[in-house]
Amino acid sequence: AAMGPTGPMGPVEPVGPGGGLPLELQLENTLKMQRQQFGGDHPAVGVTLQRLGLALSNRGNHAAAEPHFAEAIRILREKLGNNHPDHALAVLDYGLHHFRQGKHAAAHLLMTEGFGILRRHSGNYHARVAPYL
């Protein structure tokens, strides 16, 4: 079987846009740059916080993910409003985070809220809504 490129320490993973850094580290670096460039309450910061929370939750690091989701939802709600799709996606991801922890009642409320926003905004054809219909 053919092997990929090798270096002095063995097989070399391809270097992506993050320079080979773990996703969480890439997002933390992005977050730092965004806060310096835009300030702490910019919607781009909120989206990056949401992505960081999701990345941590995906790895099972629920305690570390929690404050990122909370701050992301606060920023996106304050800056974009309750009916913006970016706010809805953060709420949905927070619901998924709760579901993974077995907090099904909280997950249901959050996911119902998020799907409701997306359905009002984009109808049943939004990529995050349609699979659940």
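**Entry 1: α2 and α4**

I looked up how α2 and α4 lie, and they are roughly parallel to each other. Angles under 35 degrees count as roughly parallel, over 145 as roughly antiparallel, 65 to 115 as roughly perpendicular and the rest as oblique. The model is predicted; local features need pLDDT of at least 70, side-chain atom pairs count only at pLDDT 80 or more, and totals for chains, interfaces and linings use all residues. Residues are numbered from 1 along each chain as its sequence is written, and side-chain values use heavy atoms, with hydrogens and water left out.

Helix α2 covers residues 43-58, and its packing angle with α4 is about 20°, with the axes 10 Å apart. Axes are lines fitted to C-alpha atoms, for helices over the stretch in contact, and angles run from 0 to 180 degrees between N-to-C directions. I noted the crossing of α2 and α4 as left-handed. That term means the near helix is turned anticlockwise from the far one by less than a right angle; clockwise is right-handed.

I listed the contact next. From α2 come Val47, Gln50, Leu54, Ser57 and Asn58; from α4 come Asp86, Leu89, Ala90, Asp93, Leu96, His97 and Arg100. Contact means heavy atoms within 4.5 Å. By class, this contact of α2 with α4 has 5 nonpolar, 4 polar and 3 charged residues. Ala, Val, Leu, Ile, Met, Phe, Trp, Tyr, Cys and Pro count as nonpolar, Asp, Glu, Lys and Arg as charged, and the others, Gly among them, as polar.

**Entry 2: α4 and α5**

I then followed α4 to helix α5 (residues 104-122). Their axes come within 8 Å and cross at roughly 155°. That makes the two, α4 and α5, roughly antiparallel. The crossing of α4 and α5 is left-handed. On the α4 side I found, among them, Leu89, Leu92, Tyr94 and Phe99; on the α5 side, Leu110, Met111, Phe115 and Leu118 are included. I counted this contact of α4 with α5 by class: 15 nonpolar, 6 polar and 1 charged.

**Entry 3: α1 and α2**

I checked helix α1 (residues 23-38) against α2. The axes come within 9 Å and cross at roughly 165°. So α1 is roughly antiparallel to α2. Their crossing is left-handed. In α1, the residues that meet α2 include Leu27, Leu31, Arg35 and Phe38; in α2, their partners include Val45, Leu49, Arg51 and Leu52. The contact of α1 with α2 divides into 10 nonpolar, 3 polar and 4 charged residues.

**Entry 4: the aromatic pair**

How many aromatic pairs does a search of the whole structure find? I got 1. Phe69 and Tyr94 form it, tilted, at 5.3 Å centre to centre and 35° between the planes. Rings of Phe, Tyr and Trp (its six-membered ring) pair if their centres lie within 6.5 Å; planes under 30 degrees apart count as stacked, over 60 as edge-to-face and the rest as tilted.

Is Phe69 buried or exposed? Phe69 is buried, at a relative accessible area of 0%. Tyr94 is also buried, at 14%. Buried means under 20% relative accessible area, exposed over 50%, partly exposed in between (1.4 Å probe, protein chains only).

**Entry 5: the whole chain**

I finished with the overall layout. The chain has 5 helices and 2 strands, in the order β-β-α-α-α-α-α from the N terminus. Helices (H or I, at least four residues) and strands (E, at least two) are DSSP runs, numbered from the N terminus. Of the 133 residues, 34% count as buried.
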